[in-house]
Amino acid sequence: MPAPGPNRIARSVLSDETYFVIRDMLLDHRIAPGQRVNIEALAADLGVSPTPVREALARLESDGLVVKTPLRGYSSTQLLGVREFTELSQFRDLIEPWTAAQAARSIDEAGIEAIRDELANARAAILREADGAGSYAALTEHDARFHSLIARLAGNELMVQAFERTHFHLHFLRLYMASLAQTSRPEDEARLIANAFGDYYRSDGGSLALDEHTAIAEAIIEHRAEDAARLIREHIESSQRRFEPVVALLEREG
């Protein structure tokens, strides 16, 4: 009779691996927005039983990447529309200047090291990724970690949970992948998307987002609370202005 400990560990690893594989399928649109998810077929494709697939979908539902409908099962969620994008931006504009100011007032040496490490790791990750999609994915992951870290440095766990439950960055990555889905676009639409995303990441390890994050981090490290709040508000509002036309375009195409 096999020992129970190793079996439990293997089951946990399988469940986690299944979750991440399906999450990647949702993020890069191998499972299209709004597409119904057939548990048995997906399990067969992945070479696993339906149980870890069901467990993964339950986690992905809490991430906001799938939705469960009575009598229909799971489907992937639609992309953010203009209304959802605007509301999420407004929510961030309300809470994140406060968390940045609080972080600037209370940051200690461990927090300073954490925020500097995050910026350094982000630059290294972007340099490791040769293609645009990989660079953008790495930057999106950094973006989520950076903003969550500021919320944690503010010392308010409720604010951390409120921010992380929006899953804003996961949905934004899906928007980016959707923008790549159609290669033949009218010239004006292609230019709109290129202009919006072009400065956001660069293969040389820098980006507009990283530049703005660095300025925010410096204000926090130097205990300049008002500057930190102002800079993060400008960062959020600049992002909203830059990407809202792309969201509108993708919403019309959907």
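User: Why are strands β2 and β3 said to pair?

Analyst: Pairing requires that DSSP find at least two bridges between two strands. Strand β2 (residues 66-69) and strand β3 (residues 73-76) are joined by four bridges in the antiparallel sense, so they pair under that definition. Among the partners, Lys68 is bridged to Tyr74, and Thr69 to Gly73. Strands here are DSSP runs of E with at least two residues, and helices are runs of H or I with at least four, numbered from the N terminus. The model is predicted: local features need pLDDT of at least 70, side-chain atom pairs count only at pLDDT 80 or more, and totals for chains, interfaces and linings use all residues. Residues are numbered from 1 along each chain as its sequence is written, and side-chain values use heavy atoms, with hydrogens and water left out.

User: How many bridges join strand β1 to β3?

Analyst: Two bridges join β1 (residues 36-37) to β3, and the strands run antiparallel. In β3, Ser75 is the bridge partner of Arg36.

User: Why is Asp108 called partly exposed?

Analyst: Buried means under 20% relative accessible area, exposed means over 50%, and partly exposed lies in between (1.4 Å probe, protein chains only). Asp108 has a relative accessible area of 46%, and is therefore partly exposed. Asp108 lies in the loop between α4 (82-106) and α5 (109-128).

User: What makes Val21 buried, exposed or partly exposed?

Analyst: The relative accessibility of Val21 is 35%, so Val21 counts as partly exposed. Val21 belongs to helix α1 (residues 4-27).
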